[in-house]
Amino acid sequence: MPVNMKNIIADTFMKMVRKKGIDKITVKVLIDECGISRQTFYYHFRDIMDVVEWLVKKFVDQMVERSLEIGTPENAVKVLITSTVENRNLVRKMMNSHKREEIERLFAQGVRTYLQKLIQTRREKSPVNCSDMEIVLDFMAYGLCGVLFKCCESGHFDVEKITEQICYILPGRIETL
């Protein structure tokens with residue numbers, strides 16, 4: 001079976017972030033840990049933030065797949081929140097980085113893509129025009145990320161309650177977009 005070097009690099013990166021945070025990880029440290037050449041790393045990724053971006057995209061794809069199997073928009077939101085809870089220490093370490101601004105942007109883009117894919121798969125034609133949809137998606141993504149980041153930082157995370165509150169604030173919005 002062929003080796004998926006991109007996954008190996010990304011998995012090693014995640015293990016390293018869990019241990020020491022993102023600021024201590026350089027391309028040199030990562031390639032040494034993976035036992036690969038610099039050329040191999042740069043064949044797959046541009047830099048460390050490209051690894052983070054790829055991981056976020058992979059996470060979003062997995063969340064969309066899981067959410068579509070679940071059924072309701074409320075349960076889809078719950079899947080996203082639950083996944084964040086399961087990875088809160090990792091999120092916390094990434095948010096305590098000097099690269100926080102970039103990481104927040106990547107997370108928000110990931111959540112926005114997640115919401116957009118959910119909406120696209122649930123509706124054939126949206127009654128909301130394209131420019132309004134862009135604002136709605138940005139608002140929902142940045143708001144949801146803000147809540148999730150706050151919960152990860154505080155350590156207080158009641159999945160049921162947060163899911164209920166978010167779905168109360170946005171009743172039926174995902175279904176009607």
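Start with the whole chain in cartoon view: the secondary structure of this predicted model comes to ten helices and zero strands. The protein has 177 residues, and 40% of them are buried.

**Stop 1: the nonpolar core**

Select Phe13, Ile22, Leu30, Phe41, Ile81, Tyr114 and Phe157, and show their side chains. These residues belong to the largest nonpolar core, which has 58 residues, and they are the ones that touch the most other members. Now colour the helices that contribute to this core. At least two residues each come from α1, α2, α4 (48-70), α5 (73-86), α6 (88-95), α7 (100-122), α8 (130-154) and α9 (159-169). Which helix gives the most to this core? That is α8, with ten residues.

**Stop 2**

Is Lys24 buried or exposed? Lys24 counts as exposed because its relative accessibility is 57%, and the cut-off for exposed is over 50%.

**Stop 2: Asn96**

Select Asn96, in the loop between α6 and α7. Asn96 has a relative accessibility of 57% and so counts as exposed. Asn96 and Gly21 are 7.9 Å apart in space, C-alpha to C-alpha, and 75 residues apart in sequence.

**Stop 3: salt bridges**

Turn now to the charged side chains. Side chains of opposite charge can pair when their charged atoms come close. How many salt bridges does the count come to? It comes to ten salt bridges, and the next selections show some of them.

Select Asp61 and Lys117. Their side chains meet in a salt bridge, with 3.0 Å from N to O. This pair links distant parts of the chain: Asp61 is in helix α4 and Lys117 is in helix α7, 56 residues apart. Asp61 counts as partly exposed, at 31% relative accessibility. Lys117 is also in the partly exposed class, with a relative accessibility of 28%.

Move to Arg100 and select Glu104 with it. Arg100 and Glu104 form a salt bridge in which the closest N and O atoms are 2.7 Å apart. Why are Arg100 and Glu104 separated by about one helical turn? Because they are four residues apart in helix α7. Relative accessibility is 26% for Arg100, so this residue counts as partly exposed. Glu104 has a relative accessible area of 28% and is partly exposed.

The side chains of Glu153 and Arg100 meet in a salt bridge of 2.8 Å, N to O. Here the partners come from distant parts of the chain, with Glu153 in helix α8 and Arg100 in helix α7, 53 residues apart. Glu153 is partly exposed, its relative accessible area being 42%.

**Stop 4**

**Selections to keep**

- Asp61 and Lys117: a salt bridge between side chains.
- Arg100 and Glu104: a salt bridge within helix α7.
- Glu153 and Arg100: a salt bridge linking helix α8 and helix α7.

Technical notes: Residues numbered from 1 in each chain as written. Predicted model: local features only at pLDDT ≥ 70, side-chain atom pairs only at ≥ 80, totals over all residues. Heavy atoms only, no water. Buried < 20%, exposed > 50% of the residue type's maximum accessible area, 1.4 Å probe, protein only. Core = buried A, V, L, I, M, F, W, Y, C linked by side-chain atoms within 4.5 Å. Salt bridge = Lys/Arg side-chain N within 4 Å of Asp/Glu carboxyl O.
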